[in-house]
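Here is a short briefing for a first look. Please have the sequence and the 3D view open.

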Amino acid sequence: MTIVQPLQIAPLQGSVSAAEWQARVDLAACYRLCDRYGMSDMIYTHITCRVPDAPGQFLINPNGMLFSEITASSLLKVNVDGEILYRPETPYGLHPAGFTIHSGIYRPRPDAQAVMHTHTVAGMAVSALKCGLLPLTQTATRFYGRIAYHDFRGPERDPAERESLARSIGSRNYCILRNHGLLTIGDSVAEAFIAMWGMERACQAQLQAMACNTELEMPSEEVVQKSCAMYDPPNSRKYGLLEWPGLLRQLRRTDPDFDS
């Protein structure tokens with residue numbers, strides 16, 4: 001296999017619409033941030049977003065590039081039927097499980113604009129607990145009553161699994177894939193990323209608290225419901241609106257090639 005360096009991939013800016021290019025920049029940034037914040041799994045998970053001016057199409061990472069290597073021009077463009085519409089000059093193609101999971105969400109959910117899936121140690125550990133994610137912390141209450149659970153039936157490579165996944169998730173934006181990992185849905189890449197960051201932190205805190213081998217201080221149902229309501233509109237802004245510009249500034253200082 002000939003290894004192609006990311007910086008050798010032909011730049012796409014100017015060859016796609018302005019809307020698609022911005023989506024590519026945001027998605028490439030999300031891959032870099034996922035790696036920076038310890039949520040990547042080499043090449044084995046996926047973050048996607050719809051092509052804004054072609055809602056039947058979405059962008060996804062080539063199967064073989066590390067998250068820290070992803071650039072705006074290196075992303076594959078595929079449709080929800082699995083046809084690769086654009087592939088850079090690399091030996092890397094479309095991962096079957098990545099396509100199955102993400103197309104399984106985009107097909108029945110026109111509101112879903114971005115999907116993020118991780119295999120972090122904390123996320124996998126909580127996915128293996130019968131109790132799932134508990135409202136132990138303020139951060140966790142953001143997700144209380146909003147998480148879908150999808151039972152593990154082996155790696156999601158069979159396109160027939162898409163309907164099962166769609167049924168499990170329904171209209172929710174957060175999902176724990178049992179014995180597998182975490183998944184978030186957003187109406188932007190920024191929202192999906194910040195939601196995942198919060199779920200990941202909540203999982204880490206729960207595991208550390210449970211590992212202390214002492215009684216847990218569980219907030220009352222009344223307090224949990226009150227806290228949870230504070231994250232509903234109009235009490236709270238959409239996540240990502242304030243955080244994302246700062247995260248992009250950070251990347252441009254340290255990883256200036258992500259938007260190439």
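Leaving aside its neighbours within four places in sequence, which residues is Asn-235 in contact with? They are Ala-229 and Met-230, where contact means heavy atoms within 4.5 Å.

This is a predicted model: local features need pLDDT of at least 70, side-chain atom pairs count only at pLDDT 80 or more, and totals for chains, interfaces and linings use all residues. Residues are numbered from 1 along each chain as its sequence is written, and side-chain values use heavy atoms, with hydrogens and water left out.

**Loop residues**

- Asn-235 sits in the loop between helix H7 (221-229) and helix H8 (243-254). Helices (H or I, at least four residues) and strands (E, at least two) are DSSP runs, numbered from the N terminus.
- Asn-235 has a relative accessible area of 48% and is partly exposed. Buried means under 20% relative accessible area, exposed over 50%, and partly exposed in between (1.4 Å probe, protein chains only).
- Met-42 lies in the loop between H1 and E1. Its phi is positive, near 55°, in a residue other than glycine. Met-42 is exposed, at 58% relative accessible area.
- Asn-179 is in the loop between strand E7 (174-177) and E8. Asn-179 is not a glycine, yet it has a positive phi of about 55°. With 48% relative accessibility, Asn-179 is partly exposed.

**Helices H2 and H5**

- Helix H2 (residues 96-106) packs against helix H5 (residues 161-169) at about 50°, with the axes 8 Å apart. Axes are lines fitted to C-alpha atoms, for helices over the stretch in contact, and angles run from 0 to 180 degrees between N-to-C directions.
- H2 and H5 are therefore oblique to each other. Angles under 35 degrees count as roughly parallel, over 145 as roughly antiparallel, 65 to 115 as roughly perpendicular and the rest as oblique.
- On the H2 side, the contact includes Phe-99, Ile-101 and Ile-105. On the H5 side, Leu-165, Ala-166 and Ile-169 are among the residues involved.
- By class, this contact of H2 with H5 has six nonpolar, three polar and two charged residues. Ala, Val, Leu, Ile, Met, Phe, Trp, Tyr, Cys and Pro count as nonpolar, Asp, Glu, Lys and Arg as charged, and the others, Gly among them, as polar.
- H2 is mostly covered, with ten of its eleven residues buried. Among them are Ala-97, His-102 and Tyr-106.
- The cover over the buried residues of H2 includes H5 and strands E1 (47-51), E2 (54-60), E3 (76-79), E5 (114-118) and E8 (181-186).

**Helices H1 and H8**

- The axes of H1 and H8 come within 10 Å and cross at roughly 75°. H1 is thus roughly perpendicular to H8.
- Residues in this contact include Val-25, Ala-29 and Leu-33 of H1, and Trp-244, Leu-247 and Leu-251 of H8.
- The contact of H1 with H8 has eight nonpolar, two polar and four charged residues.

**Aromatic pairs**

- The structure holds seven aromatic pairs. Rings of Phe, Tyr and Trp (its six-membered ring) pair if their centres lie within 6.5 Å; planes under 30 degrees apart count as stacked, over 60 as edge-to-face and the rest as tilted.
- Tyr-37 and Phe-193 form a tilted pair, 6.4 Å centre to centre and 55° between the planes.
- This pair links distant parts of the chain, 156 residues apart. Tyr-37 is in the loop between helix H1 (18-36) and E1, and Phe-193 is in helix H6 (residues 189-210).
- Tyr-37 is partly exposed at 30%, whereas Phe-193 is buried at 2%.
- Ring pairs join Tyr-37, Phe-193, Trp-197 and Trp-244 into a cluster.
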